[in-house]
Amino acid sequence: MPTRTYSGHLKHLAAICDFVTEQAALAGLDEAQTYAVQLAVDEAATNIVEHAYGGEGRGSFSITCKVTAEGLKVVLKDGGAPFDPSSVPEPVTGVPLEELKSRGLGVFLIRQMMDEVTYQFGPDGNKLTLFKRK
Amino acid sequence: MEIQTTEYKRCTVIKTSGRIDGSNAPQLGEAFKTLTEKGVFNIVFDMTDVTFMASAGWWVLIDTQKTCKPRGEVVLANIDKGIRDSLKLVGMGSYFTIYDDLTSAVGSF
């Protein structure tokens with residue numbers, strides 16, 4: 001169950017993608033499932049970097065991958081401010097272009113891409129658990 | 001991020017490769033902004049070599065589309081299937097005309 005720790009910088013996104021891609025292969029996910037994991041984890045990591053500690057360049061976070069018989073579990077942990085993704089409303093789409101707003105798209109993608117998304121906040125901070133079934 | 005810009009008679013093509021995520025989407029945004037500030041509003045984004053697109057990238061395209069329409073528009077060319085599926089999943093596909101190849105995209109203007 002490998003764990004990698006990253007400082008709060010967006011420059012780590014490519015390495016994070018490589019890490020989960022490697023684990024997705026071990027879990028036996030197909031190409032579409034792997035892309036879904038890549039996208040969800042990228043969005044989650046970006047949110048941590050940009051919001052958990054008040055901006056990029058602060059704090060750190062860890063990503064743990066667990067290959068199971070059913071698929072791949074990815075756990076992101078950070079010690080930043082509480083952030084419950086379920087509190088973010090879904091973006092409104094299907095509206096005229098000028099009315100589209102950016103807020104919430106990342107969280108929405110996470111929910112759409114993964115089969116299970118759970119969130120906990122405790123003494124150690126935020127824990128976001130993502131699961132993709134193969 | 002390497003960004004190539006090619007001017008045609010009726011449109012300009014912007015092309016990049018690899019990943020587009022939060023770390024480099026602003027740079028892509030600046031490239032589009034350079035065009036629109038020069039009065040270029042017919043733009044083809046050639047995605048032939050784009051392997052990954054996070055929401056930050058989509059928002060660059062949406063913001064550019066808001067600037068370009070109705071005088072012109074941003075069209076997308078040659079999107080990888082995985083990226084196209086995620087675009088449709090989040091309901092953003094309807095805001096862009098998507099072409100399977102660059103020639104068709106350029107020829108649409």
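Keep in mind that the model is predicted. Here are some exercises to work through.

**Exercise 1. Is Thr97(B) buried, exposed or partly exposed, and which residues does Thr97(B) contact beyond its sequence neighbours?**

Step two: count neighbours. There are 14 other C-beta atoms within 10 Å of Thr97(B). A buried residue needs 20 or more, and an exposed one has 12 or fewer, so Thr97(B) comes out as partly exposed.

Step three: look for partners. Once neighbours within four places in sequence are set aside, Thr97(B) touches Val75(B) and Ser108(B).

Step four: check one C-alpha distance. Glu73(B) is 24 residues away from Thr97(B) along the chain, and their C-alpha atoms are 8.9 Å apart.

**Exercise 2. Work out the strand order of the sheet in chain B and say which strands stand at the edges.**

Step one: read the order. The five strands of this open sheet run β1-β2-β3-β4-β5 in chain B, with mixed pairing.

Step two: find the ends. β1 (3-7) and β5 (97-99) of chain B each have a single partner strand, so one side of each has no neighbour in the sheet.

Step four: zoom in on one pair. Strand β2 (residues 12-20) of chain B runs parallel to strand β3 (residues 42-53) of chain B, and eight bridges link them.

**Exercise 3. How do α1(B) and α2(B) pack, and which residues meet?**

Step one: get the geometry. Helix α1 (residues 25-37) of chain B and helix α2 (residues 55-68) of chain B have axes that come within 9 Å and cross at roughly 15 degrees.

Step two: name the arrangement. Angles under 35 degrees count as roughly parallel, so α1(B) and α2(B) are roughly parallel to each other. Their crossing is right-handed.

Step three: list the contacts. On the α1(B) side you'll find Ala25(B), Leu28(B), Gly29(B), Phe32(B) and Thr36(B); among the residues they meet in α2(B) are Val60(B), Asp63(B) and Thr67(B). Sorted by class, this contact holds six nonpolar, five polar and one charged residues.

Step four: look at Asp63(B), which lies in α2 of chain B. Asp63(B) has 17 C-beta neighbours inside 10 Å, so Asp63(B) counts as partly exposed. The C-alpha atoms of Asp63(B) and Lys33(B), 30 residues apart along the chain, are 9.6 Å from each other.

Step five: set the helix against the sheet. α2(B) lies across β2, β3 and β4 (73-77) of chain B, at about 140 degrees to β4(B).

**Exercise 4. Which element of chain B gives the most residues to the side that touches chain A?**

Step one: count both sides. The contact involves 20 residues of chain B and 25 residues of chain A.

Step two: pick out the contributors. In chain B, the elements giving two or more residues are α2 and α3 (81-89).

α2(B) gives the most, with six residues.

Step four: sort by class. The side of chain B that touches chain A splits into nine nonpolar, seven polar and four charged residues.

**Exercise 5. Describe the sheet and the helix pair of chain A.**

Step one: order the strands. Chain A has an open five-strand sheet in the order β1-β2-β3-β5-β4, with antiparallel pairing. At its edges are β1 (3-7) and β4 (116-122) of chain A, each pairing on one side only. The twist here averages 15 degrees from one strand to the next.

Step two: take a pair. Strands β3 (residues 71-78) and β5 (residues 125-133) of chain A run antiparallel and are joined by eight bridges. Leu76(A) stands opposite Leu128(A) in β5(A).

Step three: pack the helices. Helix α1 (residues 13-27) and helix α2 (residues 31-52) of chain A have axes 9 Å apart, at an angle of about 145 degrees. They make a right-handed crossing. By class, their contact has eight nonpolar, five polar and one charged residues.

Step four: finish with helix on sheet. α1(A) lies across β1, β2 (60-67) and β3 of chain A, at about 15 degrees to β2(A).

Key
Residues numbered from 1 in each chain as written. Chains lettered and ligands numbered in written order. Predicted model: local features only at pLDDT ≥ 70, side-chain atom pairs only at ≥ 80, totals over all residues. Axes fitted to C-alpha atoms, helices over the stretch in contact; angles between N-to-C directions. Helix = DSSP H or I, 4+ residues; strand = E, 2+ residues; numbered from the N terminus. Parallel < 35°, antiparallel > 145°, perpendicular 65-115°, else oblique. Left-handed = near helix turned anticlockwise from the far one by under 90°. Contact = placed C-beta atoms within 7 Å. Nonpolar A, V, L, I, M, F, W, Y, C, P; charged D, E, K, R; others polar. Pairing = 2+ DSSP bridges.
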